[in-house]
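I opened the notebook to look up one loop and a handful of charged pairs.

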Amino acid sequence: MTAEESKDYMAKTEVHQLFEGMLTGLLYHKPEDHLAFLENCISLAKTEKDIKWNTFLDVSKKPLPPIPKTDGPIKSEAGDEVRTFTTEPELKTRQPLPPISGQRPSIDDDEKDLTETNILTSESEEEVEVEFSGQRIVFVLGGPGSGKGTQCAKIVDEFGYVHLSAGDLLRQEVAKGNERGQMIENIMKEGNLVPQEITIELLRDAMRQHKECPGFLIDGFPRENQQGIQFEQEVVESDFLLFFECTEEVMEERLLKRSETSQRADDNIETIKKRFKTFVEKTLPVIDHYEELNKVKRIDANRGVDEVFADVRSLFGALPPKEVKKIKRKKKKAEAKEKGDEEEEEWIEFSGQRIVFVLGGPGSGKGTQCKRIVEKFGYTHLSTGDLLRAEVENGSERGQKIAELMEQGQLVPQGVVVELLTDAMLRHPDSPGFLIDGFPRKLSQGEQFEEEVTECHFVLYFECSEEVMEERLIKRGETSGRVDDNAETIKKRFSTFVEETLPVIESYGEKNKLKKVDAIRSVDEVFTDVCAIFGDLPKLERRKRKKVKKTESDSEYDELAEGVEDLSRIIEGKPIKLRRKKKKKQEEEEQPRTPIYEQPIVAEEFVPLMDDTIAKTDGKGLLNVRVIFVIGGPGSGKGTQCARIVESFGYTHLSTRDLVRAEVQSGSPRSKELVQIMEKGELIPMRVILELLRVAMVNIPNTKGFIVDGFPRELEQGKEFENEIASCEFVLYFECSPETMKKRLLARAETSGRVDDNEETIMKRLETFENQTKPVIEYYESQNKVKKVLAEGSPDEVFAQVSDIFEHLPNRKTTSLHDYDVTFITGPPGVGKADLGKTLSESTGRTHLSVGSLLREEAKKDSERAQLINEAIVMGVLVATEIVLALLTEALEKEEKNLNGYCIDGYPRTEEQLNQFKQKVSDYHRIIVLESGDDEMERVIKERAETSEREDDKEEISRTKVQVYNENTRPMIDSLADPSKAVKVSASMPQEELVEKVKTQITKEE
């Protein structure tokens, strides 16, 4: 709100008089319940038109004191002197003021009507449109199974309305990962309802993105009267409520029929009945409220879809176009224009250019089609990977920062990627449009781009079956020489595409911004369809806008107006609105934006090795394998010693330098960059090293342990390795002087032919080692994890010290369950997961582990971990994944390996828990899901609350646990990459039948 708008608002609403009257009334009456008094004032103000200073004074109960006739100071009721203006008699006793010299204009000489309104506002007025006044606002309600979703889709198609769902908007906001999204996610995780202020704010933001549409269908809103009232007060008044009226019998029949194919957990008779009850209790009062306002349009939804839509069509077809409402407001004073400071206009960035996101699976041919679009239609083709490479090669300050991030193995912030795209687009002001290839990879990327840069016009999606894409990539692999063109990697890339990019496509499809092209056919046939799309697109006109010149005082008035609004809301008993903090331009330039870290584009596009998912340790656990870091300067002889350790003790030797060298020799696109880095004597990016190590390690699951040579070079490398792959047992440090190492390397250079064996590079490498690797030694020494070996002597002398270390190492158990049968048992609280796990284990010879029991036992201890577990149990929320996995793996270490397999109940509860187990321990064979209806759950919750002595069996906590299960575990099960691994059984079955059914399923799989 600008200064002028603030003034206009104050004058229009006369809110200052309202506050003056309320304050006067408070001080006059001094009520005990001041809030109740203010509420009465507000109620009266809604009916009283002319509010004055004495409007809220009840002089019948307490007359105003008479004006004292004395010429002296006024006395209060208590007899104290009250400071007042100087009285007339006092003025007469003082020396008179000198006369006013010169002729000065008088207020009385001004012909203008100096009313309060004109004083507060400027002289001339202008008309402005009221937001959303030209768009029809329709609330859409109907019971579950009434078909309102289907009808909304038809209205969108025929009448061009925009369909909005509060639930979808909340999920999209969480997916953005911004501050508001994180707050919503935390509220939902805690089992609380999202405040309706946030929901309304999201609706308003979504509506502002569609200013040209004729109206909005707000689906399933309002759920309560207060939601609708607040929406109409803060956003815009609704035109009517569209109610799809349907009997419970018909809705029930439809939902049960849908359940035959939907596989939705809530499509069962018990849940359906409960949803009907909720609808009657919550939503019908809303319909009654709007009925009283004559705003309800009822549609008989008991009939077929087409019959229902015939009535809907008649309703919407008869609606006249909605007139845009305009209000008068004061223009800014014309002083600036009198000085010749005319309002300037500027071009809106990218307003005349079409923005197209281009997506398609690996092998879909989108790159080829983009080239053709560029040639035929003149668009500019942009790839985030190319932009990152170019920026690094450019050597700019930003490029250096990107390179540093990559060398440290960190992700390039999403904001930097968006900035690069923006800068590249600005370099092509005359281009008709941009093809942004392979972007966005995640919803949050696209949302940030559209919020900070410009709106995307549509997503061009090259749709192709996995079989065709695989065939193309394998054929390409025969000649490309690319390491990622093989069947195993291709499958992984398909999986990544499905998990990350398909949600983006679905989201833009819901916004009617998706154009699909069948990419199974030949290049020419596909391009024919592409031409049909681009050939029919209208030319976009560039638009201008007025330059906004905002003064310091404007922001002060903004804060004042917001303060007035907040005070009004407090008086009305409403919560204060959430607002984004406004920063001054200078502050925005000085303070960098908080980066949003996303899936790295660098790993796949900057220096491609393989799809990152190939490095996952699915099915080949490394959690407790012995890992020894081997560190020593170049020329310390650690490579020779590692070879002897392998020969004598049977360890697997991994050399980061050998892995990098093999990558260089592979001829991959990364190899040239790696050669340049090595010649400069710099360190290889951490992400590359970690990928190479993990791929090498997961391919050797049955080893005594790993000696990782030349790693870590930096402290962050070691920490990242231990977080993502496995814990380091100790560091074997070969200590050697720089002079000895230089002498050895120069001698090796005479025969090695290695590019890094020259004096200049050797000195750089020794300096790098000294500056960056020594801190690693200090860190692990502080953890008592360093075993030093004096490496100045001969190989035999050095190995004698090494042998003494390895011969005295303790035997080590492993928690890897590779090649073992792992069965998870999950379900809502109280369905008998532990009982099933115990019975199934006894009958099949498996080892049974109950995560719930492990947590409760740990909670009894006096430790920080126990305290965290207790806090989670009392709240009914999930215990942190790292704690649960640590307890589970500790229990596995204590157990002897069981070839028959393992039954683990109460795990996993989230997708993160499942992925962490697969990555660090083992793959799994199946998840047994115990399902229970709502009525049965209700019975169990109450029964356990009455009979159980456990703190977490209290009714309130149990309900929170059920909600946590519905929000975390159910989605995890529904999103399994291999749905056949989920074995769903009814928890109401007798225990014996349940066990037999599960055993039959296991036997069938085997």
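**Entry: the model**
I am working on a predicted model.

**Entry: Ser 238**
I first asked where Ser 238 sits. I found Ser 238 in the loop between helix 10 (225-234) and strand 7 (240-245).

Is Ser 238 buried or exposed? I read a relative accessibility of 3% for Ser 238. Buried means under 20%, so I logged Ser 238 as buried.

I then looked up the side chain. Ser 238 and Glu 232 are joined through their side chains by a polar contact of 2.4 Å.

I listed the contacts of Ser 238, setting aside neighbours within four places in sequence. They are Ile 137, Phe 139, Glu 232, Tyr 290 and Lys 295.

**Entry: salt bridge count**
How many salt bridges are there? I noted 48. Side chains of opposite charge can pair when their charged atoms come close.

**Entry: Arg 136 and Asp 239**
I checked this pair next. The side chains form a salt bridge, at 3.8 Å from N to O. Arg 136 belongs to strand 4 (residues 136-142), and Asp 239 to the loop between helix 10 and strand 7, so the bridge ties together parts 103 residues apart in sequence.

I compared burial for the two partners. Arg 136 has a relative accessible area of 10% and is buried. Asp 239 stands at 23% relative accessibility, so I logged Asp 239 as partly exposed.

**Entry: Glu 252 and Lys 273**
I found a salt bridge between these side chains, with 3.1 Å from N to O. Glu 252 is in helix 11 (residues 248-262) and Lys 273 is in helix 12 (residues 269-292). The pair is 21 residues apart and links distant parts of the chain.

Glu 252 has a relative accessible area of 18%, which means it counts as buried under the 20% cut-off. Lys 273 is partly exposed, at 43%.

**Entry: Glu 391 and Arg 398**
I looked up the N to O distance here. The closest N and O atoms of this salt bridge are 3.3 Å apart. I logged Glu 391 as buried, at 12% relative accessibility. Arg 398 is partly exposed, at 23%.

**Entry: a network**
Which residues are linked in a network of salt bridges? I wrote down Lys 274, Glu 938, Lys 942, Glu 955 and Arg 959.

Definitions and conventions:
Residues numbered from 1 in each chain as written. Predicted model: local features only at pLDDT ≥ 70, side-chain atom pairs only at ≥ 80, totals over all residues. Heavy atoms only, no water. Helix = DSSP H or I, 4+ residues; strand = E, 2+ residues; numbered from the N terminus. Buried < 20%, exposed > 50% of the residue type's maximum accessible area, 1.4 Å probe, protein only. Polar contact = N/O pair within 3.5 Å; in protein donor to acceptor, adjacent residues only side chain to side chain. Contact = heavy atoms within 4.5 Å. Salt bridge = Lys/Arg side-chain N within 4 Å of Asp/Glu carboxyl O.
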